[in-house]
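Please read the points below beside the model, taking them in order.

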Amino acid sequence: MGLMRGRLVVVQVLVVSMLALLAVRLWQVQVVRGTEYVKAATETRTRDVVVPAVRGQILDATGRPLVRNRTTLVVSVDRTRLNRMAGNGEEVLQRLAGVLGRRPTELRERIRACGPGIARPCWPGSPYQPIPIDVDVTTREALQILERQEEFPGVTAEVQAVREYPRKGAGAQALGYLQPITQEELDRRDGLRAAFSGVDLMGRDGLESVYDVPLRGTPGMRRVQVDRLGKVIGVERHVSPIPGDTLITSIDARVQTLAEKALAEAMKGAPKADGAAAVVLDARTSRVIALASAPTYDPAVWSGGISETEYQRLLSGKTGKPLVSRAIKGEFAPGSTFKVSSVSAMLRDGYPLHGKYDCPGSFMVGDRPFNNFRGIGLGVLNLHMALVKSCDTIFYRAAYEQWLRDGGLNPKGRPKEPMANMARAYGFGRPTGIDLPGESPGRIPDRAWKKALWAVTKEDNCRRSKTGYPEVAKSSPSRAAFLKRLAYENCLEGFQWRPGDAANFSIGQGDVLVTPLQLAAAYAALVGDGKLRSPRVGWALVRPDGTKVKEIKVPVVGKLPITREERAYIKGALSEVASDGTAAGAFSGFPMDKVKIGGKTGTAEVYGKADTSWFASFAPTDKPRFVIVAMVSQGGMGGQTAAPAVRKIYEGIYGFKPDGKPSSSVLPGGRPARALPVIAKDGTVSR
């Protein structure tokens, strides 16, 4: 009996002790650390989710979509959460691969971080961003993931908007593409993290890049209640996102398609052609109506992650580097299209506007003969006919005389360099400032440039003058001997601006390089009001309900330093090139009585390659509405390849068949769009 009583006492003591311990613990939890645990409980009960805004569309000048959105079910993976699991979440990936019909290794490749030595597919964005691994899943696949969330931790399936390109590769380089925001960008750019939804993409090229901020809009916020598995059980607060602005461009989708088709056909007709570009500008405003580059590509390849094979194809020289816009980034010798600048330089240097000039078959520049095309002399010409017939020797003589007046090889004081300065006044040698990224400046060589180049290359030239070019000698001993002799000359006197440099400059050869866009902007200034403008692709930003946010103006950046009479004289000469000059063959049968085309052909020599084919044009000649420039690399003569391509664009714009008979026009009335399309409150567009 005593033993039983003793045991009861022990039990009572234990019970009292446990109650006391529990009371102390309750006091510690509720009183001492109560605030801390309440805060922790609140944090684990709610989640703040940033809701992405719908990205704005990109429309053409009449409201046709160039880039739009479509909704689709997207499956994404939280790599950080996955890597914290046993086996780095391999079991989850195995189950997910089974649902999506993919290989587990393929999914693992898509979520690994991009870096040196890592081939695509890989993830170039922030490691804390959900990584989309399938951007077009079925409803059944999404439900399998959502209804069995405990089997797919770190995996989400949501309806998201993805970019769609209804015209495939038309204008691809100008439109640009989207890619994930990187962690470095989030860390570097103030305010970006706060506006980042976690699934946003950023414009990486073209219009998507330049107008990224207004297109992206403002994300919203949703505070949700979740259970222990992270499943949403309620919404506490919701702030709706503000959709991105719609970008209306001055591009006309029909003219863009027409230009790209004309380039493709021109390249097919020139067996060695390896690239081409076309620019169509409004002659009065310098707004861009079409900006084409060939070869092109379908920007849809970026959606959902691009493969290494496709990525390398976009950058490969073998495929023509379709990612690069030759219209704004390609630099080429302009050939005789450049003579409008040289004529202007002659006029400013005192050569008479209505003077007579001898056009022999050859002209001695120093101790070297410089020949006309095929060595044919054309007799005595005025400047009008010098442009129509594209006489070279008149320009060689003028350039040589100017070089001599500047002091020749040993100038005293500051040389006038009239041709180089006039070229810069036409906008050559610097970017036009178009609202697209990565524009090339071109090159206008002069005496200062020659000295700077010599300083950089002197050491290599002096070395090569001794060692020669053994790697070239294996295939071409004569070429190697020429290069060694050239290296010797450049080592000793490569800083000198030689008479041959000046002569080549005058006809757009030698070291002169321009982009097709620069040439188009220069011609627009010449045949328009004499003002040089910085072309614009963007026309206006509007809200989805049609409210105008901003009209994008075309800035004036210069004025041609020639008189109105001189501009009219040059324009008058160019107005006869397509009917009686070097482009007459290309425009044979074109109804010039209805729409007269003016312009200038160009055939630029490139060592080791076929000639670059150019045609810079405008129409109608009396009151120009369009400036069209086409360039075909390795296309041959300007009148044989580029000019026929331009003719096809004009035929489409004005509604003519190849035989000159009427046809349907892609631009009714043959005029660029004069007013912005009207977007109604419901988002519909009326043209």
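Which strands does helix H24 lie across, and at about what angle does it run to S22?

1. Helix H24 (residues 642–654) lies across strand S11 (275–282), S22 and strand S23 (626–633), and it runs at about 30° to S22. Helices (H or I, at least four residues) and strands (E, at least two) are DSSP runs numbered from the N terminus, and angles, from 0 to 180 degrees, are taken between N-to-C directions of axes fitted to C-alpha atoms, for helices over the stretch in contact; contact means heavy atoms within 4.5 Å.

2. This is a predicted model, in which local features need pLDDT of at least 70 and side-chain atom pairs pLDDT 80 or more, while totals for chains, interfaces and linings use all residues. Residues are numbered from 1 along each chain as its sequence is written, and side-chain values use heavy atoms, with hydrogens and water left out.

3. The chain comes to 24 helices and 25 strands. Its radius of gyration, taken over C-alpha atoms, is 34 Å, well over the 26 Å that the globule rule gives for 687 residues, so the chain is more spread out than a compact globule; that rule is 2.2 Å times the number of residues to the power 0.38. The C-alpha trace spans about 145 × 65 × 45 Å along its principal axes.

4. An open sheet is formed by 5 strands in the order S12-S11-S23-S22-S21, with antiparallel pairing, where two strands pair if DSSP finds at least two bridges between them. Strand S12 (288–294) and strand S21 (598–604) stand at the edges with a single partner strand each, so one side of each is left without a neighbour in the sheet. S21 is joined by 7 bridges to strand S22 (residues 612–619), and Gly 602 has Trp 614 in S22 as its bridge partner.

5. The structure holds 16 aromatic pairs, meaning rings of Phe, Tyr and Trp (its six-membered ring) with centres within 6.5 Å, called stacked with planes under 30 degrees apart, edge-to-face over 60 and tilted for the rest. Tyr 400 and Trp 403 are stacked, at 5.9 Å centre to centre and 15° between the planes, and both lie in helix H15 (residues 393–405), 3 residues apart.

6. The ring centres of Trp 454 and Phe 495 are 5.1 Å apart and their planes stand at 65°, so this pair is edge-to-face. Trp 454 lies in helix H17 (residues 447–467) and Phe 495 in the loop between helix H19 (477–493) and helix H20 (499–506), so the pair ties together parts 41 residues apart in sequence.
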